[in-house]
Amino acid sequence: MTRILFWVALIFLVVAAVRAKLRANLRRQQQEQFQAQARQQAARPPAVTAEPMLCCAHCGVYYPASENVPAGGRDYCSAAHTPAH
C-alpha cells in the first residue's frame, strides 16, 4: 500500500512540476509578445487625424472646418467676412 501511495505522490509531483514549467513558459512568451508590441508602437509615429478644410467665400483662404462661420448657405473663415459686416 505504501508503494502505491509513493507512486501516486510522485506522479502528482511530476505533473505539478510540468504544469508549472508550462505556465512559466507561457507567461514568458506573452511578456515577450507584449514587449515586442510596445516596441512597435513606440517606433511608429503617432497617428495624425486631419480635419476637413473649407474655403472662405470672401477671401479664399482655407481654414479648419471647426472654425467655420456659416452665413447665407456659404462658409466664411471669420465673422468679419460674413455679408452682414
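**Entry 1**

I noted the scale: buried means under 20% relative accessible area, exposed over 50%, and partly exposed in between (1.4 Å probe, protein chains only). The model is predicted: local features need pLDDT of at least 70 and side-chain atom pairs count only at pLDDT 80 or more, while totals for chains, interfaces and linings use all residues. Residues are numbered from 1 along each chain as its sequence is written, and side-chain values use heavy atoms, with hydrogens and water left out.

Which side chain meets Glu32 in a salt bridge? I found that of Arg28, at 3.4 Å from N to O. The term requires a side-chain nitrogen of Lys or Arg within 4 Å of a carboxyl oxygen of Asp or Glu. The structure holds one salt bridge. Arg28 is partly exposed, with 42% relative accessibility. I recorded that Arg28 and Glu32 are separated by about one helical turn, because they are four residues apart in helix 1 (residues 2-43). Helices (H or I, at least four residues) and strands (E, at least two) are DSSP runs, numbered from the N terminus. Side chains of opposite charge can pair when their charged atoms come close.

**Entry 1: Aromatic rings**

I searched the whole structure and found one aromatic pair. Phe6 and Trp7 form this pair edge-to-face, with 5.4 Å centre to centre and 75° between the planes. Rings of Phe, Tyr and Trp (its six-membered ring) pair if their centres lie within 6.5 Å; planes under 30 degrees apart count as stacked, over 60 as edge-to-face and the rest as tilted. Trp7 lies in helix 1, and Phe6 is partly exposed at 48% relative accessibility.

**Entry 2: Thr82**

Is Thr82 buried or exposed? I found Thr82 buried, at a relative accessible area of 10%. Thr82 lies in the segment after strand 4 (74-76). I also noted that its side chain reaches the backbone oxygen of Ala79 at 2.7 Å.

I read the chain as divided into domain 1 (1-44) and domain 2 (49-84), with bounds from an automatic or database domain assignment. Their C-alpha centres lie 62 Å apart. I then looked up Cys59, which lies in the loop between strand 1 (53-55) and strand 2 (62-64). Cys59 is partly exposed, at 36% relative accessibility. The C-alpha atoms of Cys59 and Ala20 are separated by 72 Å, and these residues are 39 apart along the chain.

Notes. A polar contact is a pair of N or O atoms within 3.5 Å; within protein, one must be able to donate a hydrogen and the other to accept it, and residues adjacent in sequence count only if both atoms are side-chain atoms.
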